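The following exercises concern one protein chain and its ligand.

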Amino acid sequence: MKILVICNKKGGAGKTTLAVGLAACLPGRVGLIDLDENGSSVRWMEGLNLFDVATGTANTIAAIVPTLADEYDWLVLDTPPNDVNAITFSTAIADLVLIPLAPSPLEADQLPDTLALLPEDRPYIVVPSRVRLSTSSGKSMREMCESAGHPVTTSVLPLSERIVQSFGSTPVRLMFRPLADEIVRYVERTNR
Ligand SMILES: Nc1ncnc2c1ncn2[C@@H]1O[C@H](COP(=O)(O)OP(=O)(O)OP(=O)(O)O)[C@@H](O)[C@H]1O
Ligand SMILES: [Mg+2]
């Protein structure tokens, strides 16, 4: 089982949207644990039966996850913003930490605050999200990440009203599939 932790200390960065969209596109048996007491991932998936979803807490996550090792190929953890325990305890067990980041200097300015909470040497990758495809903002953001030495995905999540309106229904797989494929390849490669 591979554990993907979706995390950004900043609120509203697109964590839940990424967690749910990615989980809908990963191959094999997929589970999602929602560590945010707001429960948006769980609420989004209610009744859809696309993959297993459960709530969890920062204090129990380290004990629960090993019991699921034989149940799933992929476990996605959606984390709350500004919850240092949830972020540190979940990233401690991650095979890969995914950090959704909008191409905005204001958001990029806070990236170090998230990275400071990750255990040393824990693999992470920035996922450009809410990218206006008609502008060069995605490209500038990739250049900013690369020049700062941050791994960044080639696939991006576009700024999309379809994504916003898909809450409560099946995520728009078309928009998440290239990213999911890239993440699968990335995890396979970095685990070799
Ligand atoms: N690719 C996208 N295009 C347009 N809007 C998006 C996109 N991704 C997320 N959003 C919107 O941005 C808002 C925040 O997204 P989301 O709830 O996924 O972020 P979050 O990081 O989980 O927030 P929180 O920190 O509160 O848990 C939501 O209104 C969501 O619909
Ligand atoms: Mg959320």
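**Exercise 1. Identify the element that gives the largest share of the shell around ligand 1.**

*Solution.* Step 1: H1 supplies the largest share of this shell, with three residues. Helices are DSSP runs of H or I with at least four residues, strands are runs of E with at least two, and both are numbered from the N terminus.
Step 1: In total, 19 residues surround ligand 1, and the closest are Gly-11, Lys-15, Thr-16, Thr-17 and Pro-81. A residue counts as near a molecule or strand if its C-beta atom, placed from the backbone, lies within 6 Å of it.
Step 2: The elements giving two or more residues to the shell are H1 and helix H8 (161-165).

The model is predicted: local features need pLDDT of at least 70 and side-chain atom pairs count only at pLDDT 80 or more, while totals for chains, interfaces and linings use all residues. Residues are numbered from 1 along each chain as its sequence is written, and chains are lettered from A and ligands numbered from 1 in the order in which they are written.

**Exercise 2. Describe the order and the pairing of the strands in the sheet.**

*Solution.* Step 1: The chain contains nine helices and six strands.
Step 1: The six strands form an open sheet in the order S3-S2-S4-S1-S5-S6, with parallel pairing. Two strands pair if DSSP finds at least two bridges between them.
Step 2: Strand S3 (52-55) and strand S6 (124-128) stand at the edges with a single partner strand each, so one side of each has no neighbour in the sheet.
Step 3: From one strand to the next, the twist averages 20°. Axes here are lines fitted to C-alpha atoms, for helices over the stretch in contact, and angles run from 0 to 180 degrees between N-to-C directions.

**Exercise 3. State how many bridges join S2 to S4, S1 to S5, and S5 to S6, beginning with S2 and S4.**

*Solution.* Step 1: Strand S2 (residues 30-34) and strand S4 (residues 74-78) are joined by five bridges; Gly-31 is opposite Leu-75 in S4.
Step 1: S1 and S5 are joined by three bridges, and Leu-4 stands opposite Leu-96 in S5.
Step 2: S5 and S6 pair over five bridges, with Leu-98 opposite Ile-125 in S6.

**Exercise 4. Explain why S5 is described as largely enclosed.**

*Solution.* Step 1: A residue is buried if 20 or more other C-beta atoms lie within 10 Å of its own, exposed if 12 or fewer do, and partly exposed in between; the C-beta atoms are placed from the backbone.
Step 1: Five of the six residues of S5 are buried, so the rest of the structure largely encloses this strand.

**Exercise 5. Name the residues with the most contacts inside the largest nonpolar core.**

*Solution.* Step 1: A nonpolar core is a set of buried Ala, Val, Leu, Ile, Met, Phe, Trp, Tyr and Cys residues joined through C-beta atoms within 7 Å.
Step 1: The largest such core has 49 residues, and those with the most contacts inside it are Leu-4, Ile-6, Leu-22, Ala-23 and Val-76.
Step 2: Helix H1 (residues 15-23) gives the most to this core, namely five residues.
Step 3: Leaving aside residues up to four places away in sequence, Val-76 touches Leu-4, Ile-6, Ala-19, Leu-22, Ala-23, Val-30 and Leu-32. Contact requires C-beta atoms, placed from the backbone, within 7 Å of each other.

How values were computed. Contact = placed C-beta atoms within 7 Å.
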